[in-house]
Structure formats: C-alpha cells, structure tokens
Amino acid sequence: MSKKILPLAAMENLLKQKANASRVSNDAKEALRDALEDYAEEIGLKAVKFANHSGRKTIKSSDIKLAVKWLFHLCYFNFIVAFSAFEY
C-alpha cells in the first residue's frame, strides 16, 4: 500500500463545500482520496510525456491541461466502444 498524499480533511471539505454534503463518512473520504490520487497520477504521467516530447523537463500548466483533455477523450472513447457492443 502506497503512502497517501491528500489529507482526509481536504476530502471532507471538498464534499461539504462543493457537493453540499451535510455529513461524510470516513470510507467516503478515503474512496474520494484514492480516486483523486489515482487520477492525479495518470494526469502526471501523461503530462511528463507531453513535456518530454516538447524537449522539456519542466511540466507546464499546458501539459496538465492537455493530459486532462487526453484522458477525458480516452475515457469517452472507451465508453463509446463499450456501449457499441450492445445490441438494442
């Protein structure tokens, strides 16, 4: 099990302030933290590739934005492919 970076208190604040949750269980905080850290790792790995492809070692905000866009399109494509297998 890897060491977690994001604090659980921040997960509670996100859910209460942004999603208007009145109460948040510890399991919910941990699940959100795990999901966000996994997603951040994927974004970071792709952003590093974009920076390296541009001949840079420094990740810029444009690399992050492009990585988010790329991952969104990848997820959307996978969603379309998965549902195209169903017969209606």
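Predicted model: local features only at pLDDT ≥ 70, side-chain atom pairs only at ≥ 80, totals over all residues.
K16 belongs with E12 and K29 to a network of salt bridges, and the count for the structure as a whole comes to 4 salt bridges by the rule used here.

- The side chains of E12 and K16 meet in a salt bridge, with a distance of 3.0 Å from N to O.
- E12 and K16 both lie in helix α1, where a spacing of 4 residues separates them by about one helical turn.
- E12 is partly exposed, its relative accessible area being 22%, and this value lies above the limit of 20% under which a residue is called buried.
- The side chain of E12 also meets that of K29 in a salt bridge, here at 3.1 Å from N to O.
- Because E12 lies in helix α1 and K29 in helix α2, this second pair ties together parts of the chain that are 17 residues apart in sequence.
- K29 counts as buried, with a relative accessibility of 10%.

- K4 and D34 are joined through their side chains in a salt bridge of 3.1 Å, taken from N to O.
- K4 is in the segment before α1 (8-18) and D34 is in helix α2, so the pair ties together parts that are 30 residues apart in sequence.
- K4 is partly exposed at a relative accessible area of 25%, and D34 is likewise partly exposed, at 29%.

**The nonpolar core**

- The largest nonpolar core is made up of 5 residues, namely I43, A47, F50, A67 and L71.
- The elements that give two or more residues to this core are the helices α2 (26-53) and α3 (61-84), and α2 gives the most, with 3 residues.
- As background, nonpolar side chains tend to be buried together in soluble globular proteins.
- A47, one of the core residues, touches I59, D63, I64 and A67 when residues up to four places away in sequence are left out of the count.

**The largest pocket**

- The largest pocket has a volume of about 170 Å³.
- By residue class, the lining of the largest pocket divides into 4 nonpolar, 1 polar and 5 charged residues.

**A pair of residues for scale**

- N26 has its place in helix α2 and counts as partly exposed, with a relative accessibility of 47%.
- The C-alpha atoms of N26 and K46 are separated by 30 Å, the two residues being 20 apart along the chain.

Key. Residues numbered from 1 in each chain as written. Heavy atoms only, no water. 1 Å grid on protein atoms, 1.4 Å probe; cavity = no way out; pocket = protein on both sides within 12 Å on 5 of 7 lines; lining within 4 Å. Points joined across faces, edges and corners; volume = space filled by probe spheres on them. Nonpolar A, V, L, I, M, F, W, Y, C, P; charged D, E, K, R; others polar. Core = buried A, V, L, I, M, F, W, Y, C linked by side-chain atoms within 4.5 Å. Buried < 20%, exposed > 50% of the residue type's maximum accessible area, 1.4 Å probe, protein only. Contact = heavy atoms within 4.5 Å.
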